[in-house]
Amino acid sequence: MKISVIGAGKIGSTLAHLYTAAGDDVAIANSRSPDTLRDLEHQLGRHAHAVTAEEAARYGDIVIVAVPFGHYRDLPAEALAGRTVIDATNYHPERDGHDDELEHGDVTSSELLQRHLAGAHVVKAFNAMRWDHLRDHGRSAGANRRYGIPVSGDDPDAKWQVFDLVEQIGFEPVDAGPLAEGGRKHQPGTEVYTADLWADTLRARIGIEGT
C-alpha cells in the first residue's frame with residue numbers, strides 16, 4: 001500500500017517508521033523542503049521518500065495528516081479529493097489559536113478538517129495515544145489483548161481501510177461512531193485521551209459496535 005504522511009513531528013514520523021517497517025511504501029512531507037527530511041528518509045529506509053505536501057497528497061492511497069491543527073487550512077484540498085485522510089491532529093488553543101466554533105462546541109476539529117477537505121473522506125484516528133506508546137505498544141495479531149485505537153468517520157469504506165491500518169501495526173480498532181459524534185469521544189479532555197486502554201475497555205467506554 002502507498003501511504004503518505006503529512007507532518008514529520010513525533011506522531012507523523014513514528015507512524016512512518018511503523019509502516020515502512022511493515023513493508024508499506026511511505027511518502028513523508030513537512031511544511032518545509034523535502035531536503036530537511038533527508039535524515040529521516042535515510043532512517044526510514046528504502047520504502048520511504050521525502051516529498052512536498054502536494055506530492056504526498058497525490059501519492060498515497062491513504063494520507064495521514066499529523067500537522068499542528070492550526071495549520072489545517074494549508075493542506076492541499078484539491079490534491080486530497082477522493083482520498084481517505086486520517087486525521088491524527090488535536091486542537092490545542094494555546095498552540096493553535098482560539099477558534100470560536102470549537103470553543104463553543106459547535107463542531108469538532110475533525111469536522112472543520114472535513115469541511116476544508118470537502119472532496120476527501122476524513123477518518124479520525126491515531127490522535128489519542130502518545131507517540132512513544134504508538135511506537136512501543138503494538139502487539140501481534142495473535143495476542144490475547146491489544147491496546148485499542150478509537151476510529152471515527154462517516155464513510156464506511158474509508159473506516160474499514162483505517163481499521164486495517166490500525167491492525168497492521170498491532171493495535172485493535174474501536175469504532176467510535178461518525179465523525180461528529182465519535183470525534184468528541186477521543187479528543188483532548190476526554191477520559192480516553194492518552195489513557196492507553198485495552199480494546200475491550202475502550203470499546204465499553206466509547207464503542208458503538210465491535211470491529
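**Aromatic pairs in a predicted model**

The rule: rings of Phe, Tyr and Trp (its six-membered ring) pair if their centres lie within 6.5 Å, with planes under 30 degrees apart called stacked, over 60 edge-to-face, and the rest tilted.

Take Phe69 and Tyr91. Their ring centres are 6.0 Å apart and their planes stand at 75°, so this pair is edge-to-face. The pair links distant parts of the chain, 22 residues apart. Phe69 is in the loop between strand S4 (62–65) and helix H4 (77–80). Tyr91 is in the loop between strand S5 (84–87) and helix H5 (93–96). Helices (H or I, at least four residues) and strands (E, at least two) are DSSP runs, numbered from the N terminus.

A note on the source. This is a predicted model: local features need pLDDT of at least 70, side-chain atom pairs count only at pLDDT 80 or more, and totals for chains, interfaces and linings use all residues. Residues are numbered from 1 along each chain as its sequence is written, and side-chain values use heavy atoms, leaving out hydrogens and water.

Phe69 is buried, at 3% relative accessibility. Buried means under 20% relative accessible area, exposed over 50%, partly exposed in between (1.4 Å probe, protein chains only). Tyr91 is buried too, at 14%. Ring pairs join Phe69, Tyr72 and Tyr91 into a cluster.

Next, helix H9 (residues 156–168). Trp160 and Phe163 both lie there, 3 residues apart, about one turn of the helix. Phe163 is buried, with a relative accessible area of 4%.
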